[in-house]
Structures are given as C-alpha cells and as structure tokens.
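Q: I am new to this structure and would like to go through its charged side chains. Could we begin with the term that matters for them?

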Amino acid sequence: MKILLVDDEQELVSTIAERLEIRGIEAHWFTNASKALQSAESVSYDIAVLDVKMPVVSGLELRDLLHKRYPDMKFIFLTGHGSEEDYRLGTVDGTCYLVKPISIEILMTKIKECLSK
C-alpha cells in the first residue's frame, strides 16, 4: 500500500508519514500540491490523505486534479479549519473527512475502510 500525504504543516505531515511507515505503510509526504502531482506521475498511490485548507491549491482542488488522472485513487481529507461547505464538497462521493488533531489509529481505520470500498 502506498499513501500520498499532502499538508502545508510540514511537522504534522512528516510525523503522520513516520507513524504510518512504522505500521508498514509506504507514505510519501509533500507540503504543496505541485510536488504531490509530480510524484503521482511516477508513483502509483492507493490513497491520498489531503489537507483541505492549503495555499495556492486546496485539498479539494488537488483531489479533483488527482481523480481526473488517477480515477482509482481513494481520498481522505484532514482539516483543522473546516466549514460546512468544505465538508459537503469533501464528502459528496463518500470520501472520509477527519478533523485535526487525528489519532493515528483512527486514520489507520479510515484508510482500511476507504480501501475496502
């Protein structure tokens, strides 16, 4: 399983990646959408965990870009500043939406649920 993590909070995203890797999951992390898109061109990710609020390209916009190119990729959103509109847009297709701070066990559970759909 390969996971793409994108969050503009470097310490948070690197920590999540480290904790996933301890649990045997290959996780690549980025702090912006352009580097994530570039990586997705050469790595086949099973799931992307995206921060909703990021500068330049939001997590919702990044999901749309990734989904067009990789329709089998699954998505989970993370947010610390979500709105009802973000929640509605983020969950319109059944995508999981988690509020920060998150427990790594809850994220692991949601990853497994998301991949089993």
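A: A salt bridge is a side-chain nitrogen of Lys or Arg within 4 Å of a carboxyl oxygen of Asp or Glu. The model shown here is predicted.

Q: How many salt bridges does the count come to by this rule?
A: By this rule there are six salt bridges. One of them joins the side chains of K100 and D7, at 2.8 Å from N to O.

Q: Where do K100 and D7 lie?
A: K100 lies in the loop between β5 (96–99) and α5 (104–116), and D7 in the loop between β1 (2–6) and α1 (10–22), so the pair ties together parts that are 93 residues apart in sequence.

Q: Is K100 buried or exposed?
A: K100 is buried, at a relative accessible area of 17%. D7 is also buried, with 2%.

Q: Which residues are linked with K100 in a network of salt bridges?
A: The network links K100 with D7, E9 and D51. The side chains of K100 and E9 meet at 3.1 Å, N to O. E9 is partly exposed, with 39% relative accessibility.

Q: Changing topic, in what order do the elements of the chain run?
A: From the N terminus they run β-α-β-α-β-α-β-α-β-α, which comes to five helices and five strands.

Q: And what is the radius of gyration of the chain?
A: The chain has 13 Å, which agrees with the value near 13 Å for a compact globule of 117 residues. Buried residues make up 43% of the chain.

Definitions and conventions:
Residues numbered from 1 in each chain as written. Predicted model: local features only at pLDDT ≥ 70, side-chain atom pairs only at ≥ 80, totals over all residues. Heavy atoms only, no water. Helix = DSSP H or I, 4+ residues; strand = E, 2+ residues; numbered from the N terminus. Rg over C-alpha atoms; globule rule 2.2 N^0.38 Å. Buried < 20%, exposed > 50% of the residue type's maximum accessible area, 1.4 Å probe, protein only.
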